[in-house]
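Here are my notes on the two-chain model you sent over.

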Amino acid sequence: MLLQSVFTKTIRDRWLGMTIASVTLVLFMLYAMAVYSDIDLSIYTNLPEGIRELMGIPEGADAASLSYNVMLGFVGAITLAGLAVSQGSASIAGEERSGTLGILLANRKSRTRVLVSKMAAMVALTLVGALALLAASHLVPIVLAVEIGETHINAMMVHLVVNALFYGFLAMAVGAWTGNRSMASGVAVGVMIVSFFAVGLLPLVESLADLVRVFPWYYYDGSEPLINGVDWRHIAVLGGAGGLFSAFALVGVNRRDLRGPAVGDTLLDRLGAHPLTDQIFDRLAGNTRVARPWVKTFSDHQGLLIITAVTMFGMMGLLMGPMYAAIEADVAALSEFPEEVLALAGGGDFSTPEGFYEIETFSLMAPVAIMIVTIVAGAGGLAGEESRRTMGLLLANPIRRSRLVLEQALAMTLYAMIVGAATFVGVVGGSVIAGIGLSVAGVAATSVLVTLFGLVFGMLALAVSAATGRMAAAVYGTIGVALATHLVNSFLPLTDRFSGWARWTPNHYYLTSDPLVNGMPWGDAAVLAAIVAALLGAAVVLFERRDIRQG
Amino acid sequence: MTESTAAIRTEGLTKHYGDVKALVDLNLETRLGEVYGFLGPNGSGKTTMIRTILDEIRPTAGTASILGLDSHRQVQEIRQHIGYVPGDLALYPKLTGHDLLTYFANLRGGVDWSNVRALSDRLDADLTKKVGDLSSGNRQKIGLIQAFMSRPDVLIMDEPSAGLDPLMQREFQAMVREFAAEGRGVFLSSHTLSEVQRVADRVAIIRRGHLVAVEALEALRSKAMRRVVLEFAGPIEASVLEAVEGVRDVSVDNRRAELSFDGKMAVLLRAVAERYDLVDVNTREADLEEIFLTYYRDESSESREADDATGSPSPDEVTV
């Protein structure tokens, strides 16, 4: 049944990514446990039960279980699930888009066997990553001489693997039915993010608490496997759904006409061709898209931009005000807790509207949203042109390399500003609707800061792509740096020895001054702007000096 | 621009990728008003040369100029005078042909859209479809229109007729000839000799980064090499044929012999008729392919060093 050649090729294509991810996870585990064993944990253990549960901290928490919480419950689970999604969406839809599936299937092998082999490769690689994480979870405490107490690491890992495969099979099923790789990974990642946040937020509202059972992430750590061991019912739910998806995938791939590498019509094209809507859409997606390189880059990802801006405006802006008003009473108790605890939860205080918005909207989601659009635009504009081999032709036109870099930076800056502005309007709107009285100046200051902060990473992606011409280096390198500075900035200030180090991360200049309350910290904004300018300068210089890559 | 201005000029142009010598000390000069063919097998350095003179990649040593302008320092000015068709053409798959040409026309400025219409009529190109949905030949047409539409002084094309059907190839060759007749320079790389044979005035032959020869097409043809097929009543020996001066590339299949010959036919015929019973003679002008291979052999000793460095098969393995 298994095609060994397909299986080994898939493994060979993917092992490097998995190895890098595994090594990174192991290093982060080492780092997290080292930090936690260095700080006074009484601030956690003294938390009231309700809050502790909310933060997923077991009773009598120690350095080990806190590290496991971060590394397995969040970073590790997201990473492995993300890699599975990437594989799942690449397995059929990806090969269709690159035009290689036809060759693969011309070899007298049934579609079923090809897909089963790719499934086996996905499972195998996920297990390898999980084993690395498992080994690190057992070994790191020994190396650091940390007491791990009553924690069920193996049980957690079972949940983690089944969870990752759930999303991988979901992506595979969507890809097998549609042949559309972006849709496959988009649907799977969308389900993952929405359910991750739902599981974090819904329990805060008593009347909605039961709704979490609809969201798959609940079956990952809803039963707190780290404390309670494997919950086989939850595993059955996740695993059963994953099995169903894999069956769907097998049926789908056999029923459908394969797509070629052709582009096909998008919804925009169809609306543009329709007599009722053509005028509007001609303006949206017509000739103006190709006026200049920055206009083209700007229009290349407008779908992503619109989705991101609307999400930040609606879900993370408007909705959070009424949400806070609804749970205000429940979280009032939180105000009694030491600042360090709340700082860890995202740098704010749940009990005030400013703190709530800071935690829910500004600490994580807004920077991530801006990073997504700027990294995509920044890496796509230079490295993307090179990997698609269009850069040579583009540069045969009378446009200087430096000018091209500046135009890409302009498109990226506009992206960041649009998402920042949408966040600003949404948060102010949410505050007005719920009558929670956020300072408009504070929201404005924070929105400007988050725009600059997100741009730092977009410019980093631009500079890396200017220096290397490689998409993967620009995207994954930037994500790696962002993750690292996030961890440094959120953990090191808790320690005595390393607390000063956080000022070497851009994150330190974003929320440390509490801009939602205190208004604009001009000095911090200047630091962020200077980093943006320096990275842009570096991008111009680096791109000027280099041989253009050919594919 | 006077006739004396070189379209493209390189001096000692050299490009190394690490240990690989992609281009070694290349000196050539092409003129305005001529079609200059740049011939070489795949991987011989044609694309590297073109990408170097366009400032996409930077030479390890040497210089290049286009219309007398330095290819690095004055690249911005150069770009206003050139049209370019990259090898293995890649375009933006999500744009329609129309949008794509508009994009490049905007970048370039001063493109007369009636040129685009005339070119797309001539090549029968579909500008309404997305480029990614076109077949490779139809995509190539968009690339050609893009290069011709600004009526550049110098056209640089890397394997430009890839994917075009024979009818379109002929149309394209006519366009190239017309362009040169207007006093513009055309630089055309190719590994298919028949194409160059039809359009080029002069031909440079490149092999493993070395310029092997530059000849007027007429001079190449005047090598007057012929392919000769001889048929005999009985079996023959190759050594007898090889002993005749001017004979090379002999292959014998029992009673049939094939060879290249650039001497007096009477000498050859006398030599074989003396020994064997000659039944039939068939002879024709050698095409460029065969002349080309002959060149390779003649120059093989010079670039032996480079062969060893790149590890490609030696020319002796290339047989006709």
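**Notes on the model**

1. (Burial here goes by C-beta atoms placed from the backbone: 20 or more others within 10 Å of a residue's own is buried, 12 or fewer is exposed, and in between is partly exposed.) B:R151 has a positive phi of about 45° although it is not a glycine. It sits in the loop between α5 (136–148) and β7 (154–158) of chain B. Helices (H or I, at least four residues) and strands (E, at least two) are DSSP runs, numbered from the N terminus.

2. Before going on, the ground rules. This is a predicted model, where local features need pLDDT of at least 70 and side-chain atom pairs count only at pLDDT 80 or more, while totals for chains, interfaces and linings use all residues. Residues are numbered from 1 along each chain as its sequence is written, and chains are lettered from A and ligands numbered from 1 in the order in which they are written.

3. There is another arginine to look at. B:R208 has a positive phi near 45°, again in a residue other than glycine, and is found in the loop between β9 (202–207) and β10 (210–216) of chain B. Is B:R208 buried or exposed? With 23 C-beta neighbours inside 10 Å, B:R208 counts as buried.

4. Now the chains overall. Chain A has 26 helices and zero strands, and 47% of its 551 residues are buried. Chain B comes to twelve helices and 14 strands, with 45% of its 320 residues buried. For contacts (C-beta atoms, placed from the backbone, within 7 Å), take pairs at least 6 apart in sequence: in chain A, 77% of them join residues at least 24 apart. In chain B, residues 24 or more positions apart account for 70% of the contacts with a separation of 6 or more.

5. Strand β7(B) deserves a look. Five of its five residues are buried, so β7(B) is largely enclosed by the rest of the structure. B:V154, B:I156 and B:D158 point one way and B:L155 and B:M157 the other way. As for partners (two strands pair if DSSP finds at least two bridges between them), β7(B) pairs with β6(B) in the parallel sense over four bridges, B:M157 being the bridge partner of B:V85. β7(B) is also parallel to β8 (residues 185–190) of chain B, over five bridges, and there B:I156 stands opposite B:F187.

6. Chain B also holds an open, antiparallel sheet of four strands in the order β2-β1-β4-β5. Its edge strands are β2 (20–31) and β5 (69–70), each pairing on one side only. β1 (residues 6–17) and β2 of chain B are antiparallel over eight bridges, with B:I8 partnered by B:T30. Helix α1 (residues 46–53) of chain B lies across β1, β2 and β4 (61–66), running at about 115° to β1(B). Axes are lines fitted to C-alpha atoms, for helices over the stretch in contact, and angles run from 0 to 180 degrees between N-to-C directions.

7. On packing: the largest nonpolar core has 77 residues, and B:L100, B:I145, B:I156, B:V186, B:F187, B:L188 and B:A204 have the most contacts inside it. (A nonpolar core is a set of buried Ala, Val, Leu, Ile, Met, Phe, Trp, Tyr and Cys residues joined through C-beta atoms within 7 Å.) α3(B) supplies the largest share of this core, six residues. A second, separate core of 76 residues includes A:M18, A:Y68, A:L83 and A:V199.

8. Finally, the interface. The contact takes 27 residues from chain B and 22 residues from chain A. On the chain B side, the elements giving two or more residues are α2 (75–79), β6 (82–85) and α3 (97–108); α3(B) gives the most, with seven residues. The chain B side divides into 13 nonpolar, five polar and nine charged residues. Here Ala, Val, Leu, Ile, Met, Phe, Trp, Tyr, Cys and Pro count as nonpolar, Asp, Glu, Lys and Arg as charged, and the others, Gly among them, as polar.

Notes: Two residues are in contact if their C-beta atoms, placed from the backbone, lie within 7 Å.
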